[in-house]
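Please read them beside the coordinates.

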Amino acid sequence: MKIGIVIVAAGRGERAGAPEEGPKQYRPIGGKAVIEHTLQRFLEWQSAADIVVVIHPDDSALFEPIAKRLDASSRISTVFGGKTRQQSVLAGLKALDGTGITHIMIHDAVRPFIDTDLLQRIANALAQGASAVLPVVPVVDTLKRGRDGLVGETVSRNNLYAAQTPQTFDYLSILKAHADAATSGQTDFTDDAAIAEWAGIPVKLVDGLVDNVKLTLKRDIAMADEKLARDLPDVRTGNGYDVHQLVEGDGVTLCGIFIPHDQKLMGHSDADVALHALTDALLATCGAGDIGDHFPPSDPQWKGAASHIFLEHAAKVVRGNGGTIMNADVSLIAEAPRVGPHRQAMRENLAGILGISLDRCSVKATTNETIGFVGRREGIAAIATATVVYRQRPT
């Protein structure tokens, strides 16, 4: 199976109030936009393939920085939605045409508390032959049917469930069902499972998740923010150290920035001590070994390689283990060349490679006061520290 994802995020969220605060999917909970939490859950799930986010035409400026922070441009694309949720879902489905996906998960952007266990339960049902899968939770409240402002009758809760998302389907079947519904003028469907029912597609029920609530009202958003504030994050710090010998040359590469100099750093790759140290620091946060384990110096394919490859790989390992990179700090120890004039470019390069904001990247430099091999200009050393928050235990 190849499971694609459609995130529905084109709504205006009028019931959430406070229109000056913007659409509810972009309001902050736990320091990040609601939709960013939602997308992070899918990015952490290894079975997720292409992800299409259906946004409102007015929200591009709101979504772009979120996509940049998530550093998943190869997996996330956007498409503009329509006037109704039904039209928006169809736009998202059409955007995945030709990608080779076999199944599709359709999820509300404002359900940020899904977990990988729920996603895997759905995938397991698909693997067992289900054409459509709907996560549900049993209705626990007593239900009343009203008549003229009075209780008309009590409704039995037997076999009654509250539907959740992601609602998941055979891709071609639900694409055709949505297209047929649009052609026929049917617009009163409340969810995608209802369209599947209308099209005669059997929908299998699986256990949903009580925490998988839809943030609808302003108080829902406030409660979600409080919930995340109560959850103690798993914050980890990793350290890295590297040193390379200086030999006669024409310049050094530090933090991916080439600095003209009368010496160069000697190494199997481009000998960027800063990126090597930071790579080790990131890998340390999830116990993933060191740079030599992933890129052995004995392997000829890494001869002369640009070290941003190593750092990008480390960031991918961290995110694959459920981590969010919060900060990267590099200290360079060298008598020469001067780092100060290049510090901003170095920080910007780190931010670009790691997909985090500039204020989370620090580069510092000091000399060794002419003491030792650094003081004699025989080499350059780097010390790096990385801070990562994990929302699930690394594997």
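1. Which residues are buried in helix H3 (residues 85-95)? They are Gln86, Ser88, Val89, Leu90, Ala91, Gly92 and Leu93, where buried means under 20% relative accessible area, exposed over 50% and partly exposed in between, with a 1.4 Å probe and protein chains only. The cover over these buried residues includes strands S1 (3-9), S4 (48-55), S5 (76-80) and S6 (103-108), together with helices H5 (171-184) and H6 (192-198). Contact here means heavy atoms within 4.5 Å.

2. On the basis of these notes: the model is predicted, local features need pLDDT of at least 70, side-chain atom pairs count only at pLDDT 80 or more, and totals for chains, interfaces and linings use all residues. Residues are numbered from 1 along each chain as its sequence is written, and side-chain values use heavy atoms, with hydrogens and water left out.

3. Overall, the protein has 12 helices and 19 strands, which are DSSP runs numbered from the N terminus (helices H or I, at least four residues; strands E, at least two). Its C-alpha atoms fill a box of roughly 90 × 40 × 35 Å along the principal axes. Of the 395 residues, 48% count as buried. Among contacts with a separation of 6 or more, 74% come from residues 24 or more positions apart.

4. Helix H10 (residues 308-320) contains 13 residues and reaches 18 Å from first C-alpha to last, close to the 18 Å expected at 1.5 Å a residue. The expected span is 1.5 Å times one less than the number of residues. Buried in H10 are Phe310, Leu311, Ala314, Ala315, Val317, Val318 and Arg319. Just after the helix, glycine 322 takes a positive phi of about 85°.

5. Helix H8 (residues 273-284) packs on H10 at an angle of about 10°, with the axes 9 Å apart. This makes H8 roughly parallel to H10; angles under 35 degrees count as roughly parallel, over 145 as roughly antiparallel, 65 to 115 as roughly perpendicular and the rest as oblique. Axes are lines fitted to C-alpha atoms, for helices over the stretch in contact, and angles run from 0 to 180 degrees between N-to-C directions. Leu275, His276, Leu278, Thr279, Leu282 and Leu283 of H8 meet His308, Phe310, Leu311, Ala314, Ala315, Val317 and Val318 of H10. The residues of this contact divide into 10 nonpolar, 3 polar and no charged. Ala, Val, Leu, Ile, Met, Phe, Trp, Tyr, Cys and Pro count as nonpolar, Asp, Glu, Lys and Arg as charged, and the others, Gly among them, as polar.

6. How do H8 and helix H11 (residues 343-354) pack, and at what angle? The angle is about 40° and the axes are 13 Å apart, and H8 and H11 are therefore oblique to each other. Leu275, Leu278 and Leu282 in H8 meet Leu350, Ile353 and Leu354 in H11. By class, that contact has 6 nonpolar, no polar and no charged residues.

7. H10 and H11 pack at about 45° with axes 9 Å apart; they are therefore oblique to each other. His308, Leu311, Glu312, Ala315 and Arg319 of H10 make the contact with Leu350, Ile353 and Leu354 of H11. Its residues comprise 5 nonpolar, 1 polar and 2 charged.

8. Serine 184 lies in helix H5 and is partly exposed, with a relative accessible area of 43%.
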